[in-house]
Amino acid sequence: HFTQSLVKAMLRSGYYSPDHPGSHQAKQGLYQEFKGAVGGEDEIGFMMQHRVGQETEFLITGVSEDAIPLKKLLGVGTAELFLPKYIDYFERKRLISLSIKKVIPETNFYRFVDIMSDPNVDKGEASEAGRLLTRMLVEDKITEISAIFEDDLIYIESKLPWRVEMAIQRLAKDLKVLPMFKDIAPEELRRLKTQIVQD
């Protein structure tokens, strides 16, 4: 249920400024749904998977040992309605993978939704979306989100299991973003470095 609510909130709140009542209404109760969905795990994630000759898969990660296809989670009827919205959103933002850590405070969570809903990002060059959104998350010191965009991908020669490949991609992105947190408190920077190593 959280996955549906998140996309609805991002699509709806994108029509309004963050302080507009319509934006507030679109996000109402979303943080509690997130906490319920992540349960006892460390994070919940979403990932687009493209395979040559196959249709695009949208996967939920973090809440079970293996990635779960959204289609399986929602059921065929609901998936037909929602899957195109997920894929459209990820393609517009050139987003490959998005993970939200359980420890994210409520204020950071709602600010993250506002940032990822920002319609101005879609007005620029397609390749700019990732850089703009990453910069906005860093400026707001939101460290509990890992977002990998097409521009962030590094070429990995060997065929690795998806989990290993995504771990490498996340490590590369986090290390690239780390120097951007130059105004962050030293103890927070130490925590962030530890978090990257743990991931």
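Modeller: Happy to. Helix 3 and helix 6 are roughly perpendicular to each other. Keep in mind that this is a predicted model. The angle between helix 3 (residues 30-38) and helix 6 (residues 106-117) is about 105°, which falls in the 65 to 115 range that counts as roughly perpendicular. Their axes are 10 Å apart.

Which residues make the contact? On the helix 3 side they are L30, Y31, Q32 and F34, and helix 6 answers with E106, F109, Y110 and V113. By class, the residues of this contact divide into six nonpolar, one polar and one charged.

Now to the empty space. Rolling a probe the size of a water molecule over the atoms shows where empty space is left. In this model there are two cavities of 30 Å³ or more.

The largest cavity has a volume of about 250 Å³. Its lining is made up of 21 residues, and T143, I145, S146, D174 and V177 lie nearest the centre. Several elements give two or more residues to this lining: strand 4 (95-101), helix 7 (128-139), strand 5 (145-149), helix 8 (162-177) and helix 9 (186-198). Helix 8 gives the most, with four residues.

Around it you will find L6, V7, M10, F46, Y86, Y89, F90 and L98. Helix 1 (2-13) and helix 5 (76-92) each supply at least two residues of that lining. Its class make-up is eight nonpolar, no polar and no charged residues.

One of those lining residues, F46, also turns up among the aromatic pairs. A search of the whole structure finds 13 such pairs. In one of them, the ring centres of F2 and F46 are 6.4 Å apart and the planes meet at 40°, so the pair is tilted. F2 belongs to helix 1 and F46 to strand 1 (residues 43-49), and the pair links distant parts of the chain, 44 residues apart.

How values were computed. Residues numbered from 1 in each chain as written. Predicted model: local features only at pLDDT ≥ 70, side-chain atom pairs only at ≥ 80, totals over all residues. Heavy atoms only, no water. 1 Å grid on protein atoms, 1.4 Å probe; cavity = no way out; pocket = protein on both sides within 12 Å on 5 of 7 lines; lining within 4 Å. Points joined across faces, edges and corners; volume = space filled by probe spheres on them. Nonpolar A, V, L, I, M, F, W, Y, C, P; charged D, E, K, R; others polar. Axes fitted to C-alpha atoms, helices over the stretch in contact; angles between N-to-C directions. Parallel < 35°, antiparallel > 145°, perpendicular 65-115°, else oblique. Contact = heavy atoms within 4.5 Å. Phe/Tyr/Trp six-rings, centres within 6.5 Å; stacked < 30°, edge-to-face > 60°.
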